[in-house]
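Here is a friendly walk through a few local features that you can follow on screen. Have the viewer open and look at the model first.

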Amino acid sequence: MKLGFNEGTSLGCSNLELDLKYCEEQGFDYIEIHTPKLREYLETHTKEELKEFFSSGRLKPYSFNSIRRINFRTEEDWNTLMEEVDLFCEVGKEIGCDMIVVVPTPRLPEYHIEEKTLTEIEESCMEAFHRIDERCKKNGWPMRIALEFVGLGEPAIFCVNTFEQAYGIVEKAGMDNVGLVLDTYHFFGMGSSLEAVRQCDLNKIFVFHINDVDELPRGFWRDVNRRWPGDGYMDLDGMFRVLKEKGYDEAASVEVFRPAYYELSAEENIRTAKEKSRKALSKYWTVE
Ligand code: ZN
């Protein structure tokens, strides 16, 4: 099993340059690049430098995180979102990264998702997939699009929030380059079913995020309650067992947004992420 590092994990204590350095040192296989860190990096570096980094070491780019709030957006919003898609294509082409994580829209006053039916949500996802897919192709860099259902209860619920719902949408889209992000936090956060994972086509799981959680009831999970894998009460073993039985052996990427972990140095944050992930996964997979 390959190990990935999602840059959200060190959001408050590092930048892309340091993430690259310490992920390489710690022996991570993949990094998931966050947009704000990428933009900041490009203020003082070039995409050619980024390419140079990835061509020399073990660490490889895995995905761009993310295009947010893909549902029920205005034409004007889409113009802005497309600038991000263009950035991902431009950099992706250079460094060989062809995956975009896309995130559904939360319940906020301007989107009225509380009035939307499942069918309308599904249709707006399809629209987003097609818009992004066409834009990438137009840019000469076709990308894979990974829909990340979000199982947070607080501060707002999201319009795609279970594995079953997201899987249904991706299946219905019927596009080879459209799949899912399976994040254990979002999975357990809204009580998705392990049986549904057991039944799924593994080829549709493009990204696998791992983490753990404070001991809170369902519906109260916030991003800040995320913990290192193995340090909470999540049924990670249940998830790992099912994936192992199905023959999943691609990659697991640690993704935590806990303010206390931002008080660590970048090096300590990334080293701990590696140690905790490796320990949790090692019961089921060989992890270097
Ligand atoms: Zn995630």
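## Charged pairs and their surroundings

Lysine 21 has 40% relative accessibility, so this residue counts as partly exposed (buried means under 20% relative accessible area, exposed over 50%, partly exposed in between, with a 1.4 Å probe and protein chains only). Before going further, note that this is a predicted model, in which local features need pLDDT of at least 70 and side-chain atom pairs count only at pLDDT 80 or more, while totals for chains, interfaces and linings use all residues. Residues are numbered from 1 along each chain as its sequence is written, and side-chain values use heavy atoms, with hydrogens and water left out.

Lysine 21 has a charged partner: its side chain meets that of glutamate 25 in a salt bridge, at 3.3 Å from N to O (a salt bridge is a side-chain nitrogen of Lys or Arg within 4 Å of a carboxyl oxygen of Asp or Glu). About one helical turn separates the two, because they sit 4 residues apart in helix α1 (helices are DSSP runs of H or I with at least four residues, strands are runs of E with at least two, and both are numbered from the N terminus). Glutamate 25 is also partly exposed, at 47% relative accessibility.

In total, the structure holds 24 salt bridges. Three of them are set out here.

| Salt bridge | Closest N and O atoms |
|---|---|
| Arginine 226 and aspartate 183 | 3.3 Å |
| Aspartate 231 and lysine 276 | 3.2 Å |

The pair of arginine 226 and aspartate 183 links distant parts of the chain, 43 residues apart: arginine 226 is in strand β9 (residues 226–227) and aspartate 183 in strand β6 (residues 178–183). Both arginine 226 and aspartate 183 are buried. They also belong to a network of salt bridges that links Asp183, Asp223, Arg226 and Glu255.

Aspartate 231 and lysine 276 form another salt bridge. This pair too links distant parts of the chain, 45 residues apart, with aspartate 231 in the loop between β9 and α9 (236–246) and lysine 276 in helix α10 (residues 266–282). Aspartate 231 is partly exposed, with a relative accessible area of 31%, and lysine 276 is partly exposed at 27%.

## Two loop residues

The loop between β9 and α9 also holds aspartate 235, which is partly exposed at 40% relative accessibility. Its C-alpha atom is separated by 8.7 Å from that of aspartate 212, 23 residues apart along the chain. Leaving out residues up to four places away in sequence, aspartate 235 touches Phe188 and Leu194 (contact means heavy atoms within 4.5 Å).

Is threonine 9 buried or exposed? At 0% relative accessibility, threonine 9 counts as buried. Threonine 9 lies in the loop between β1 (2–6) and α1 (16–26), and its side chain reaches the backbone oxygen of asparagine 6 at 2.9 Å. Not counting residues up to four places away in sequence, threonine 9 touches Trp228, Val254, Glu255, Val256, Tyr262, Asn269 and Ala273. Among these, Glu255 is also part of the salt-bridge network described above.

## A helix pair

Helix α4 (residues 75–95) and helix α5 (residues 118–138) pack at an angle of about 45 degrees, with their axes 10 Å apart. Residues of α4 including Trp78 and Met82 meet residues of α5 including Arg131 and Ile132.

Conventions
Polar contact = N/O pair within 3.5 Å; in protein donor to acceptor, adjacent residues only side chain to side chain. Axes fitted to C-alpha atoms, helices over the stretch in contact; angles between N-to-C directions.
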